[in-house]
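Hi,

Here is the structure I promised to send over. Have a look at it first, and my notes on the aromatic rings follow below.

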Amino acid sequence: MASTPVNGGLAAPINKLLDQVTQIPERRSSPLPTHLSVPGSGSGHSTPRVLPQEGSGGSGYVAPVFEGKAAQMEAVMDGIEDKGFIPLDNVESEVKWFYNELGIDDMYFATESVDAVINHVHSLYGAKVAAFARDDNHLEIRLTKEAEDHALYIDTSRPGISVVNGPHYEQRIDEKYLNGSKGSAGYRVESFRAANSLQGSKDQQVRCYFVYQCDFANPNPSATEIDIEKIGDKRFLQKATANTKEIYRQTLQVAVERTGPVIEYFDIEGSRDKRLVIAYKQGSALGFFSALSDLYHYYGLTSTRKYVEQFSNGYTTMSLYLREAGGTAGSKHPPIEASIHQIVKEISLLYCLPQNTFQIHFTTGKLSLQETIYAHSVWIFVSHFLNRLGNEYAALSSILNPSDSTHAELLSKLKKRLRAETFTADYILEIINQYPELVHSLYLSFANSHYVQTKGQADDFLPTLSFLRIKIDKVLTDVEMTDAINKIAVNDHHQMVMKSFVIFNNAVLKTNFYTPTKVALSFRLRPDFLPAQEYPQPLYGMFLVISSEFRGFHLRFRDIARGGIRIVKSRTQEAYAINVRSMFDENYNLANTQQRKNKDIPEGGSKGVVLLDYHHQDKAAVAFEKYIDSIMDLLLPPNSPGIKDPIVDLYGKEEILFMGPDENTADLVDWATEHARKRGAPWWKSFFTGKSPKLGGIPHDRYGMTTLSVREYVLGIYRKLNLDPSKVRKLQTGGPDGDLGSNEILLSNEKYIAIVDGAGVLVDHQGLNHEELVRLAKSRKMIDHFNIKKLSPEGYRVLIDDTNIRLPNGKVVNNGIAFRNTFHLRSGEQYDTFVPCGGRPESIDLTTANKLIVDGKSVIPYIVEGANLFMTQDAKLRLEKAGCILFKDASANKGGVTSSSLEVLASLSFDDAGFIEHMCIREDGTAPAFYDNYVKEVQSIIQNNARLEFEAIWREHEATNEPRSILSDTLSIAITKLDEELQKTELWNNEDFRKSVLSEALPKLLLAEIGLDKIVQRVPDNYLRAIFGSYLASRFVYEYGISASQFAFFDFMNKRMANLRA
């Protein structure tokens, strides 16, 4: 393939979607994604900077001269002669070859002892002898030396070729040294390739790797320190030229503002070689060093030198010196001037997934990097969404009666088994691996829809090889693609898996796959491929995010929707496998629950779930940042300064997501808010709720927002049944360290019998000491901090690490974790009220619910489900049938979403200056008077909304005897359906009526401070419509009931109109 001319040459084709994309206003530079430093020339194309030839091979490194080198070499020759392994005639030539021909610099010889060098020379000579002794006469050298503070690896290979079955030294270096490098505990790497081929081999060259433990000038600088002399390793500072230090300083200056890689490339003066420099945050791309070799080998390049430098401020830089491989390895590839451009573009793709599941196809050249990462992404998609239940399950479910507990339990077990066993992730992977040709064709279809090659004077880029491939290869239509799959795939299972690629391609509305400004891959999907029998409530929008550290979804049921982002961790490999299988269903159910509980507010329900890879359980913050930034890539107009980088947007409308904290993300919300502001998002103030008060947030845990609504349901039961709370025996899961658990303790006055949390189980049948529980709740500590001296003789504590613990009743607990996980299912314990404030979803399902039923009666009379999805719906119905008074999560814990919605409303209503003045806690910790009063109004609104819904459900149950768990859903559906209908009516166009409703619905403090007219002017119209519809709908249903007639609504409206006229 010929090099593309800089000025002119191949013209970019017209993309009919491109005009829409490129006319979107520019966004500001992201402080996080990849940075490409390729200053533009007057021609509108990129021109790299030219570096002078300095140091060994133009490397920019000059090793201090080892004055004792000649004497050491003599000593080495003497030592080798004494040992007698190498013939005397060969000793001098072998030693000089080692010292002068392998490209090893003086630093190595100054570091190693004479005996060590003798050992290495002997090893290399022995490898040569072994090679000549083999029939194939293939010269192969393998040498490894690993010590605590340094390592040496020497290998032979053909330049430009990835060795699939070799010793994998680079992977070893990644795993043993680079992946774990962090701060002052880091390792630097130097690698050299010998200039000449080995004697007796025309294409084998020696490659040496030297690993050194870092010794920093300053081991503990600030994270933003970029003074190379302060943060550099002492060996590096000795060897690097002033020019190299300045290059790294400039690169780090950009890197400290980002979590994505900074990528620069340079020409070497008087040479066609290129120097590639990459900087990124330590630990953000494991396996990156070895993966880069596969990338440049794929394009027919080889490296003469490679340097990996660690800096004590927490960043890594790599310098790669690339040239054409030459010979057969390089003959079939484009010239370096074209391939370097493609490599630069693909490095950020590699950064997202340094080691993907289909890496072997890339290493062997069967598929490109883009094709393998595309296949990896679709593999994840297929493993979640392949319809594993089949028509037989649908037929069976239509025959059986889901209201019959036996039938429901059978269907539930069958569904779990089919999903777990029919198409496992490994089986799907095995199938895809058999069809690289199909993957290539399927990728072309994907690329044809989403790859954009811009044109015109504003274009910074030459046409890339990706673009050229699309123009050369035939792109199949869906019909042609399906026909090809039917012909090639060997059976029905294989056809199902490969046809899922077509489903994926058709579902993707927009993606950041081709933009270099990414830290993870994100796909906005059209969710209509989901089978209705499994997901009866249709989703409005879906995002899939993929990185090496995690996979994540974001689901929403309405355009305007809000919900928390949770990070799921896995203690064991088995737990991770279970979490992978259940994460989408959990996400869907959480968002659906959110949709039902959002009945009082303008936003619909949404939820985000991030599942950490089992090997990256410590990367929660990294995963969250990548998840948020990659989704923002698809929300913000796609123009980055210096690189015109449009994406194809098949959705075609502006999208805004409202998010909040959830499990393991409460401490990360401030970062997301600040990041949205830095990226220029106009909605940064409202992007995340639950942020710290200094950013205008109203923390749920500090003010007990979620617990306030849960308590209204608990107190409502006591009120209706005339119970004395102080005599009510209570069980609670979720301990004093959590939001719900701590505030439930602080607000309650029941007699606590047992608390279960992450630390274990705490029980006292005489009642747990309330003062001690309050102490733990205020300090947010788990029950392992409970003073057990305050337990009665009947009390006990079993922690998760305990074994063989004898309880006061004489029973022995063999395993603390198993006891903790099943304690809430023990029917022998006596409680009146159970309030789950924590625990994994489906902690009680239909099977385990039966353990809480004795002689047909529920052993726990009252349950208020504070924790989301703690119980399955069929379990709730079973317990209600057994006499339990039960209020489900979608009704009970809606206080948090109400608080978040009113926080969003305040951020939308104020301008930036007003928001900072009235909603942001000051530097000295004092709160504006408006903030304190607004929090109190929010709390009052939460309690009132919860009371209204409790009364409506109680009243409806008494009238119909319908289970409360069903009434909760029916009420939510009635409100949301009426809400949507009201937004479409002409009522909104009645200005006086609209203002009347908004004046009631909006918080009084906001109206007094800002005024209705300014609020209407600032808040988006679709958001105001949602407020209008949700307020009218909820007030009508709460007052007139779920089954109220059209005449009732007519009466409701007449009263409102009469008040308006009055």
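R964 has its charged end over the ring of W954, 5.0 Å from the ring centre. I call a charge "over a ring" when NZ of Lys or CZ of Arg is within 6 Å of the ring centre and within 35 degrees of the ring normal. R677 does this too, with its charged end 4.4 Å from the centre of the W684 ring.

Before you go further: this is a predicted model, where local features need pLDDT of at least 70, side-chain atom pairs count only at pLDDT 80 or more, and totals for chains, interfaces and linings use all residues. Residues are numbered from 1 along each chain as its sequence is written, and side-chain values use heavy atoms, with hydrogens and water left out.

Now the ring pairs. Searching the whole structure turned up 66 aromatic pairs (rings of Phe, Tyr and Trp, the last by its six-membered ring, with centres within 6.5 Å; planes under 30 degrees apart are stacked, over 60 edge-to-face, the rest tilted).

One of them is F550 with Y627: the centres are 6.4 Å apart and the planes at 70°, so this pair is edge-to-face. F550 is in strand β14 and Y627 in helix α23, 77 residues apart (DSSP runs numbered from the N terminus: helices are H or I, at least four residues; strands are E, at least two). F550 is buried at 3% relative accessible area, and Y627 is buried at 0% (buried is under 20%, exposed over 50%, partly exposed in between; 1.4 Å probe, protein chains only).

F834 and F870 are also edge-to-face, at 5.8 Å and 80°. F834 belongs to strand β24 and F870 to the loop between β27 and α32, so the pair ties together parts 36 residues apart in sequence. F834 is buried at 0%, and F870 is buried at 1%.

Cheers
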